[in-house]
Amino acid sequence: MNVRELVLDMLLQMEAEGTYSNLLIRDVLDKHDYLDGKEKAFIKRVTEGTVERRIQLDHVLDAYSSVPAGKMRPAHDPVSAADECVPAFIYGRCAGRGSLQ
């Protein structure tokens, strides 16, 4: 499992089970102790950043979608979609897909 898939699994677990992010991050990093420091830092920062920015991300999604963000569910492979679009979404463009406007 790559680190992006790990982050996605963590975010989905937080959503489904209401797990506190700080506890889940600690448990996952302890479980995957073999990862190097950069990978652990990436996991921690992306997970915390996503939780912190969720309100902003939901607002952006609501602006471009006919389905409210709170009712959305993944329709296909969320890992590949996240790799391509999520980091650039708040800047109004998606790699390989041009402008979202």
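## Salt bridges in this predicted model

Glu48 and Lys44 pair up in a salt bridge, with 2.9 Å between the closest N and O atoms. For a salt bridge, a side-chain nitrogen of Lys or Arg has to sit within 4 Å of a carboxyl oxygen of Asp or Glu. The two residues are four apart in helix α3 (residues 37-52), so about one helical turn separates them. Helices here are DSSP runs of H or I with at least four residues, numbered from the N terminus.

A quick word on the ground rules: this is a predicted model, where local features need pLDDT of at least 70, side-chain atom pairs count only at pLDDT 80 or more, and totals for chains, interfaces and linings use all residues. Residues are numbered from 1 along each chain as its sequence is written, and side-chain values use heavy atoms, leaving out hydrogens and water.

Searching the whole structure turns up six salt bridges. Among them is Lys40 with Asp33, whose closest N and O atoms are 2.9 Å apart. Another is Arg54 with Asp58, at 3.7 Å. That pair sits in helix α4 (residues 54-64), four residues apart, or about one turn of the helix. Shared partners link Glu15, Arg54 and Asp58 into one salt-bridge network.

How open are these side chains? Buried means under 20% relative accessible area, exposed means over 50%, and partly exposed is in between (1.4 Å probe, protein chains only).

| Residue | Relative accessible area | Class |
|---|---|---|
| Lys40 | 19% | buried |
| Asp33 | 53% | exposed |
| Glu48 | 26% | partly exposed |
| Lys44 | 37% | partly exposed |
| Arg54 | 41% | partly exposed |
| Asp58 | 25% | partly exposed |
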